[in-house]
Amino acid sequence: MKAIRSFAVRASLPEALGALERVAANLRWSWDDRAVDLFRWVDEGAWERAHHDPVKMLGNVPAERLAQLVDDGPFMAFLDDVAGNLDRYLRGPRWYQRRAGGEDLQRVAYFSPEFAVTEALPNYSGGLGVLAGDHLKAASDLGIPIVGVGLLYRQGYFRQQVNSDGWQQENYPDVDPHGMPLILLSGEDGAALKVEVDMAGASCVAQVWLAAVGRVDLLLLDCDIEDNDSEEREITDRLYAGGSEHRLRQEIVLGIGGVRALRVAGYAAEAFHSNEGHAGFMGLERIRELVVEQGLGFNGALEAVRAAAIFTTHTPVPAGIDVYERDLMERYFSSFAKECGIGFDDLMVLGRPPSPSEPASTTFNMAFMGFRLAGRSNAVSQLHGEVSRAMFGSLWPEVPVEEVPIGAVTNGVHTSSWLGPEISEVLDRRLDPGWTEAGNIEWERIIMVPDAELWRARERARERLVYYIRARLRKQLLARQASDTELGWTEDVFDPGILTVAFARRFAQYKRATLMLSDMERLKALMLSSERPIQIVIAGKAHPRDDGGKEMIRRLIHFAKDPEVRGRFAFIEDYDMEVGRMLTQGADIWLNNPRRPLEACGTSGMKAAINGALNTSVLDGWWNECYDGNNGWAIGSKDIFDDPDYQDRVDAAALFDLLEREIVPRFYDRSEGPTPRRWVERIKSSISTIGPFVTADRMLRDYTLRLYEPAARHGREMSQNGYRRAIALAEWKGRVTDGWSDVRILEVEGDVTQASVGEERALSARVRLGGLSTEDVSVQLAHGPVGPNGEIGSPSLIEMSIGDCEDGICTFAGAFSSHRAGLYGFAVRVIPSHADLNNPMDIGLVTWA
């Protein structure tokens, strides 16, 4: 039966418990252990039944219990303390407000298709969402003014259940935002705040919810409202579900609707950050605003938008990028192009492939648009930066791959969200109160912890994980109507004293979850050893349409059913933030074996590291820059083979060798007493060297200083005086691009046949500039040692000075000295030069001698 009218019902608390509602409404409780203790005190059973959602829990607490709490003096005192701590956190100055000489950054808008703040808000699928949630939480801790923008999915991402044959099943339970820690924003008239976007001629309306993430607001757009027809209501149904058109419709709401939501909700952002290409249409909407509202031409508006935009790429493989066919784009964006004052073909240029051999108008690539609409872009680890510069270098065809304008900010993890109580207690005794949110954690203090104390903490964490695994396995079997007899073995599964290996990933095939099954005899020998056994716990989901990933899960499930090993090998279903916390906090070894270099970053190993687990990983992603030989183990080498099957055999052999010869013997070495000193030594090395680097605090400081502040400053400058500088830059780019084919280096002269180390050599170059002026270009002298391939490795660059000019031909002079013996070389090039270019390689124009 359909209701004729619906309305929201919220928990009604006694006035004396008003602070409890305020604490529950701000998601900062999700990383405040004392707030969680407060909710458990209210009603621990209700807290567990509500799946750790305090808003839902408070709606189910009996009135009699609430009355008891009002009369409970210790509880009320604790409530006042927790609420007061939240108030001080929200109002007091943080790192960004306290730092000397800092800029007054107004606000950064951070767009992402998913945000994992807490499992009470199931708006995420995996790593991208977890990173986005940690991004907001760290920004809150540091006081960086950010507002998040995403979508509210009424069915979220799927809940995983495995059938009797080991095949993944997907369930999509409905979520009720009215019963979640969300606020429906309203306008001055009291009605829900809404935005409207065009969907190929149909109107789509989205209402805007707000989640308070500490000091940061997260706006979530929701299309499942009565204003829409059924097709439009389904746009925000599920995350990463449906076909290409459904994804496009979601991305239109996220990008275009997200910018409009910021405007109507009153958030004035100076910089706009797109977390992957899914939100890329926000750049188009900002261009449309400037064209329609400020009267700018398209190219001038584009330059104004680019100046304040940041694009982060997360994928190292082309298959991970959304690409849309021309006819689909034309249905949804032909009228949008007209609003922007351009033809549809001109809009398609933003997402066209750079290769001249591929027709420019057949497909629209969201990553290409992301780079073209952002003045600053980055990958998510140093190695991923190298991969991205090679992968997307064709967008700047004349630019050397090492100078392709894609930087790197290595991801990080939010310490308070992922650090377990065992290691936290160890550090609490040695660091100042509030150390996890201070932004300057002294991880090296772990070195001073007595070995026995640290080892006891790790043993408690492993024991907690073992009890969790037993409970989850029992729950999984009950879901399949298992009998009491079938449930009995779960009571003794896993051993708190055994070396515990964890593998938890998205089940993409390049992550090779089944690599360990490549030699089952060696694997069984390790698990069933009578003296030095290991046990392995695995978790992860495959995309609903990835049968290859599902097959990997099926193979692991079948292996786990083997009566010989099932006590020491387990697959935990429905991988989410809770499972991730338990595994990263309790495992001894965190296993990661992707095909190099296909792991963009991978942050789960970071979470494990700060909890004292030792990473055993292929040298990919973040591990490639953090591994030092003493803080974990590297699987194999950096060699990459053309034959993937051979690569798998080599890496599997390397993994088993590490386990048999180094990892297992070190863990069980008790030659100096009950504490494994050599193992603890490596734990200390891991935490002290990895901890300072992998925090989201470090990541946010990098983003703020290297990207956010420069982008905001550049955006302000370009908008001054009616966007005069943005218009001028667009005109200059057009003129330089049109005239670049006439630029030639006619001659380079100088005596450089032989030189002594440190001896200076002078050069001159005659350059034809055609219709350009000397102010439009920079002539550079590059020099350095020459490798076996004839390339100058990491060349030094010298700006050559201008001399005489006649009839468009100018002479430039420069000098250099060789700083070491051996084969040495030089090159001369011409590149565009303009004060408002963010990067001299921005246009992709280079002329070489």
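Trainee: What percentage of the 849 residues in the protein do buried residues make up?
Mentor: In this predicted model, buried residues make up 57% of the 849.

Trainee: What makes Phe 494 count as buried?
Mentor: Buried means under 20% relative accessible area. Phe 494 has 3% relative accessibility, so it counts as buried. Phe 494 sits in the loop between α20 (484-487) and β15 (499-504). Its phi is near 65 degrees, a positive value in a residue other than glycine.

Trainee: Why is Asn 721 called exposed?
Mentor: The cut-off for exposed is over 50%. Asn 721 has a relative accessible area of 60%, therefore it is exposed. Asn 721 belongs to helix α28 (residues 696-739). Asn 721 is not a glycine, yet its phi is positive, at about 55 degrees.

Trainee: How do you know that the protein is as compact as a globular protein of that length?
Mentor: The protein has 28 helices and 28 strands. Its radius of gyration is 29 Å, and the globule rule gives 29 Å for 849 residues, so the protein is as compact as a globular protein of that length. Along its principal axes, the C-alpha trace spans about 95 × 70 × 50 Å.

Trainee: Which peptide bond is cis, with omega near 5 degrees?
Mentor: That is the bond from Arg 596 to Pro 597. Pro 597 lies in the loop between β18 (589-592) and α24 (604-610).

Methods:
Residues numbered from 1 in each chain as written. Predicted model: local features only at pLDDT ≥ 70, side-chain atom pairs only at ≥ 80, totals over all residues. Heavy atoms only, no water. Helix = DSSP H or I, 4+ residues; strand = E, 2+ residues; numbered from the N terminus. Rg over C-alpha atoms; globule rule 2.2 N^0.38 Å. Buried < 20%, exposed > 50% of the residue type's maximum accessible area, 1.4 Å probe, protein only.
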